Amino acid sequence: MNTERIEDILAQIGGGMILCAEAVKQKTQPLTERISAELQGAIDEIRTDIEAVRQRDPAAKSDVEVLLLYSGVHALLAYRVSHRLYLSEHYFSARLVSQLARFFTGVEIHPGATIGKGLVIDHGAGVVIGETAEIGDNCTLYQGVTLGGTGKDLGKRHPTLGNGVLVGAGAKVLGPFTIADGSKVAAGAVVLKEIPENSTAVGIPARVVKRDGSRVDAQNTDLDQVHVPDPVREEISRLEQKLEQMQKELDLLRKGGN
């Protein structure tokens, strides 16, 4: 420093500190903005998940109850974290988070799965969502649902669910096909092939028994997974009618012979 005045020395030190602070601010501002955006996005996702549960679960009494006591919501929160780690190629950390969530919630969601907004995992226990599964917006999964593979596919191995799809308790959807928008899979069904939009599939293996041709409102999805057609019962009824007709014809033949 080419001065002996203490005022000049302090002024130069202060100026240097201001320059350093400005440089640090310029370098850290993008990071700060990105963190702020990520945090806001996470908050919005949490709000959406809670709102979806409140809309579709009549047992939910408050936002606080849903946030603190619903295992399906906890599983989704953990998935959001593990999915970000997975996309950043921190695969071990991603799987660690998902496995911890599985231990505490009973829901196993692979970090590589793609899940839209407004998913409701009701009760949660035993739900499994595979690595290449894709789930659209405003879907509902009940306990015991599996979105899995058949074990013989490579690459895309798991199913894709469109928007507003409902999968009933214990149903298994196995393979890299699509269940289109607004469709329902009845409880206990095993789906092995594509389901068209706005359809109801039941049975093992599942088959489409109802398609109304009108689009289902994803925000007001019909959650009735009980009152759906039973194809086995319908087939038995048809056979009973056929046997009754044959019995009548046989009785007529016997009378004619006498």
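Start by selecting Arg54 and Asp63, which form a salt bridge whose closest N and O atoms are 2.8 Å apart, a salt bridge being a side-chain nitrogen of Lys or Arg within 4 Å of a carboxyl oxygen of Asp or Glu. This is a predicted model, in which local features need pLDDT of at least 70 and side-chain atom pairs count only at pLDDT 80 or more, while totals for chains, interfaces and linings use all residues. Residues are numbered from 1 along each chain as its sequence is written, and side-chain values use heavy atoms, with hydrogens and water left out.

Arg54 is partly exposed at 34% relative accessible area, and Asp63 is partly exposed at 43%; buried means under 20%, exposed over 50%, and partly exposed in between, with a 1.4 Å probe and protein chains only.

Next select Arg80 and Asp49, one of the six salt bridges in the structure, with the closest N and O atoms 3.2 Å apart. The pair links distant parts of the chain, Arg80 lying in helix H3 and Asp49 in helix H1 (residues 6-56), 31 residues apart; helices are DSSP runs (H or I, at least four residues) numbered from the N terminus. Arg80 counts as buried at 11% relative accessibility, and Asp49 counts as buried at 1%.

Now show helix H3 (residues 71-87) together with helix H4 (residues 91-105), whose axes, lines fitted to C-alpha atoms over the stretch in contact, come within 8 Å and cross at roughly 175 degrees. H3 is therefore roughly antiparallel to H4, a term for angles over 145 degrees, on a scale from 0 to 180 degrees between N-to-C directions.

How values were computed. Helix = DSSP H or I, 4+ residues; strand = E, 2+ residues; numbered from the N terminus. Parallel < 35°, antiparallel > 145°, perpendicular 65-115°, else oblique.
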